[in-house]
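Colleague: I have a model open and want to learn how to read it. Can you take me through a few features?

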Amino acid sequence: MIKFNDHHKLEGTHAYLSASKYSWVNYDDEHFIKTYRNSQAAELGTKIHALAAELISFKQHLPEERKTLNMHVNDAIDLDMSPEVVLYYSPYAYGTSDAISYDPENHFLRIHDLKTGTIPAKMTQLYVYASLFCLEYDLLPTEIRSEFRIYQNDEVFVDPTPDIDKISHIMDKIVHFDDLINQMRLEEGGIKM
């Protein structure tokens, strides 16, 4: 019987050229290079988000420059926002906002999102965060005012008056789809979460 080499430090990880993500066997050089670079950009994005969260947590301003990271960090600090806040409705419906604040006295919700990629982002993700926030804290979108911002490509995109009906619609979808998941789990002999 063979004695296998010890690679216990790699347990639970996946190599880029792994068997479980085997689609690379069909790539040509051009497609491989593109997907590899995209994965490296995603990894860098994760590190930039972690850096931003740490800077905001310690209230460490960056130089006042028209750079995506600098604007995101400085605005979040100046507006007394919290970084990397999990908004939770259920085990199937939650997400982590890059920066968020809520002023209960003025009923004002502020959500900021940091984008490190170059493909133009949409506000939909921030609408989902607002929906999760309302569900978790038992608020109606009609009871609050909001402002959403996306920081990307050295620009700030602002939605100063998010659509209340859109937030309500997404809340309804979250509740409905969460119920569907639980119903399917029960039918499959699983347990409801």
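**Reading helices and buried residues**

Modeller: Start with one residue and its neighbours. Leaving out residues up to four places away in sequence, Leu132 touches Leu87, Tyr89, Ala93, Tyr94, Gly95 and Ile174. Bear in mind that this is a predicted model.

Colleague: Where does Leu132 lie, and is Leu132 buried or exposed?

Modeller: Leu132 lies in helix 3. The cut-off for buried is under 20% relative accessible area. Leu132 has 3% relative accessibility, so Leu132 counts as buried. Now compare sequence and space. Leu132 and Tyr89 are 43 residues apart along the chain, and their C-alpha atoms are separated by 6.1 Å.

Colleague: Which residues of helix 3 and helix 4 meet?

Modeller: From helix 3 come Thr124, Tyr127, Val128, Ala130, Ser131, Leu132, Cys134 and Leu135. They meet Lys166, Ile167, Ile170, Met171, Ile174 and Val175 of helix 4. By class, this contact has 11 nonpolar, 2 polar and 1 charged residues.

Colleague: What span should helix 1 have?

Modeller: Helix 1 (residues 29-57) has 29 residues and, at 1.5 Å a residue, should span 42 Å. The end C-alpha atoms of helix 1 are 42 Å apart, which agrees. After helix 1 comes Lys59, with a positive phi near 50°.

Colleague: Which residues of helix 1 are buried, and what do they pack against?

Modeller: The buried ones are Thr35, Gly45, His49, Ala52, Ala53, Leu55 and Ile56. The buried residues of helix 1 pack against helix 2 (68-78), strand 1 (82-90), strand 2 (93-103) and strand 3 (108-114). Take Gly45 as a case. Gly45 has a relative accessible area of 6%, so Gly45 is buried. Gly45 and Lys122 are 77 residues apart in sequence; C-alpha to C-alpha, they are 17 Å apart in space.

Colleague: Let me try helix 2. Asn70 lies there. Is Asn70 buried or exposed?

Modeller: Asn70 is buried, with a relative accessible area of 9%. Now list the contacts. Not counting residues up to four places away in sequence, Asn70 touches Leu62, Pro63 and Glu65.

Definitions and conventions: Residues are numbered from 1 along each chain as its sequence is written. This is a predicted model: local features need pLDDT of at least 70, side-chain atom pairs count only at pLDDT 80 or more; totals for chains, interfaces and linings use all residues. Side-chain values use heavy atoms; hydrogens and water are left out. Contact means heavy atoms within 4.5 Å. Helices (H or I, at least four residues) and strands (E, at least two) are DSSP runs, numbered from the N terminus. Ala, Val, Leu, Ile, Met, Phe, Trp, Tyr, Cys and Pro count as nonpolar, Asp, Glu, Lys and Arg as charged, and the others, Gly among them, as polar. The expected span of a helix is 1.5 Å times one less than its number of residues. Buried means under 20% relative accessible area, exposed over 50%, partly exposed in between (1.4 Å probe, protein chains only).
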